[in-house]
Amino acid sequence: MPSVYEYTRDELDELLVGEPRYRVEQVWHGLWSEGQVINEITTIPKALRSRLYEEFPTSIEVADDVQSDRGSTRKWVFRLHDGATVETVLMSYDDRVTVCVSSQAGCAMGCTFCATGQAGFTRNLSAGEVLEQVMFAARAAAPRRLSNVVFMGMGEPLANYKATVSAVRRLHEYKGLSARHLTVSTVGVAPAIERLAREGLPLTLAVSLHAANNDARNELVPLNRRYPLERLYEACVYWVATTSRRLSFEWALIDGVNDTDEAIDELARYAGPLRAHVNLIPLNPTPGFLVLGSSSRRVHEFRDGLEAHGINVTVRNTRGRSIDAACGQLANVTNAKRRSIPVRSA
Ligand code: SF4
C-alpha cells in the first residue's frame with residue numbers, strides 16, 4: 001500500500017474528490033504542518049479518518065528503538081510493508097534537531113568501511129517511505145522543531161535518484177526546508193551529481209570522498225573504479241558552477257590509511273580549487289572492517305594540516321557510536337543482535 005506522503009497536493013485533491021475544499025486543507029495541514037498520522041487528524045470526521053487510514057496506513061513500523069548520548073541521539077529500525085528494514089537517526093543539538101534518513105534498504109556501493117555496504121542491497125525506498133521517516137522523527141522531536149534533514153543513512157541517495165529528488169522537493173515546498181537545512185550525500189555518482197545540479201533544488205551536497213588518490217579510493221569506495229577522482233572532480237566543478245553553492249567533502253579518518261601527511265596534501269590539492277568545506281569524521285568501528293579510527297590527536301593534526309593549506313575544516317562529533325547509529329554503522333542491528341557483535345573501539 002502506498003504511503004500518503006507519495007502524493008502531491010494536487011493528487012490529494014483528487015483522492016478526496018467530493019469532500020469540501022476545507023477538508024483537503026485540514027488533511028494537508030495535519031500531514032505536513034503537524035506531521036500527524038492520518039488517524040490522529042482529529043479535525044476531520046472519524047469516518048473519513050478511518051477510511052483514509054485504511055487506504056493509507058503508515059508504511060513504516062518500529063522494529064527497534066534505542067537511545068544514547070543521554071537521550072539526545074535516538075535510532076529506530078523501521079520495518080517496511082514487505083519486511084525490508086531501514087534505520088533512521090535523530091540527533092538533538094543545542095541549536096538544531098537533525099534527522100538522518102535512509103534512502104535505500106541496504107546499499108549496493110560496497111564501501112569497505114561501512115556496515116551498510118557490508119550487508120548488501122535489498123531495495124530502493126519510495127519518496128513516501130523516506131518522508132515517513134522524517135515525519136516520524138519530527139513527532140518524536142516535539143516540542144522541539146525538526147530543523148535539518150540529511151540523506152546520510154543507509155543507501156546511496158543518488159542511486160535512488162527519482163525518490164530522493166521527489167522527497168527533497170517536497171521537504172522544500174511543503175516543509176519549508178532549504179539549502180542550509182537539507183543535505184544529500186553521495187559517494188560520487190558523477191552523472192547524477194550533474195543532473196541534480198540542474199534540478200534547481202536548494203540543498204547542500206556532501207561528497208563522501210575519504211581518499212584523494214585513486215588507488216586508495218578504489219579500495220575504500222569501489223564506485224571510484226567507475227567514476228575516478230578526475231571524473232568526480234568534473235562533476236564537482238559543474239555542481240559549483242551551476243548551483244553557486246559550496247559543497248562539502250566527508251572524510252572518515254582511518255588510522256594509518258587516510259590520515260597521513262601525504263593524504264593531507266592530496267586532499268588540500270583536490271578540495272582547495274573547489275573551495276569545498278571538509279568534514280572530518282573519526283571512523284566508527286564496524287565488525288567487518290578491522291581497522292581503527294584515527295586517534296583524537298591525529299584528527300586534530302590532520303585538521304591543522306588542512307587549515308595550513310587554507311581549507312575550511314570541521315571535526316564532526318561522533319554521535320550514537322554506542323548504539324551503532326554513527327556514520328557508516330547503520331546495518332539494521334537490533335538490540336538482540338547488538339549484544340552479540342564484538343566491536344573494536346577506536
Ligand atoms: S558509505 Fe554510503 S554509499 Fe558506501 S556502502 Fe555505506 S551507505 Fe552505501
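Modeller: The chain has 12 helices and 12 strands; these are DSSP runs numbered from the N terminus, with H or I for at least four residues making a helix and E for at least two making a strand. Residues are numbered from 1 along each chain as its sequence is written. Keep in mind that this is a predicted model, where local features need pLDDT of at least 70 and side-chain atom pairs count only at pLDDT 80 or more, while totals for chains, interfaces and linings use all residues.

How far can you trust it? The mean pLDDT (the predictor's confidence in each residue, from 0 to 100) is 89, and 90% of the residues reach 70 or more. Over residues 333–346, though, the pLDDT is below 50, and beyond near neighbours in sequence that stretch has 22 contacts in the model. Two residues are in contact if their C-beta atoms, placed from the backbone, lie within 7 Å. Where pLDDT is low, the predicted coordinates should not be read in detail.

So let's go to helix α9, residues 229–243. The expected span of a helix is 1.5 Å times one less than its number of residues. For the 15 residues of α9 that gives 21 Å, and its end C-alpha atoms are 21 Å apart, which agrees.

Now look at which way α9 faces. A residue is buried if 20 or more other C-beta atoms lie within 10 Å of its own, exposed if 12 or fewer, and partly exposed in between, with C-beta atoms placed from the backbone. In α9 the buried ones are Leu 229, Leu 232, Ala 235, Cys 236, Trp 239 and Thr 243. Down the helix axis they fall within an arc of 120°, so they line one face of α9; the arc is that of the directions from the helix axis to the C-beta atoms. Turned away from that buried side, you'll find the exposed residues Glu 230 and Ala 241.

Just after the helix, Ser 244 takes a positive phi of about 60°.

Of contacts between residues at least 6 apart in sequence, 67% join residues at least 24 apart.

There's also a nonpolar core to find, meaning a set of buried Ala, Val, Leu, Ile, Met, Phe, Trp, Tyr and Cys residues joined through C-beta atoms within 7 Å. The largest one has 92 residues, and Val 134, Ile 193, Trp 251, Leu 253, Leu 267 and Val 278 touch the most other members. Its largest share, 8 residues, comes from helix α5 (residues 127–141). That helix is mostly covered, with 12 of its 15 residues buried. As for Trp 251, leaving aside its neighbours within four places in sequence, its contacts include Leu 209, Leu 267 and Val 278.
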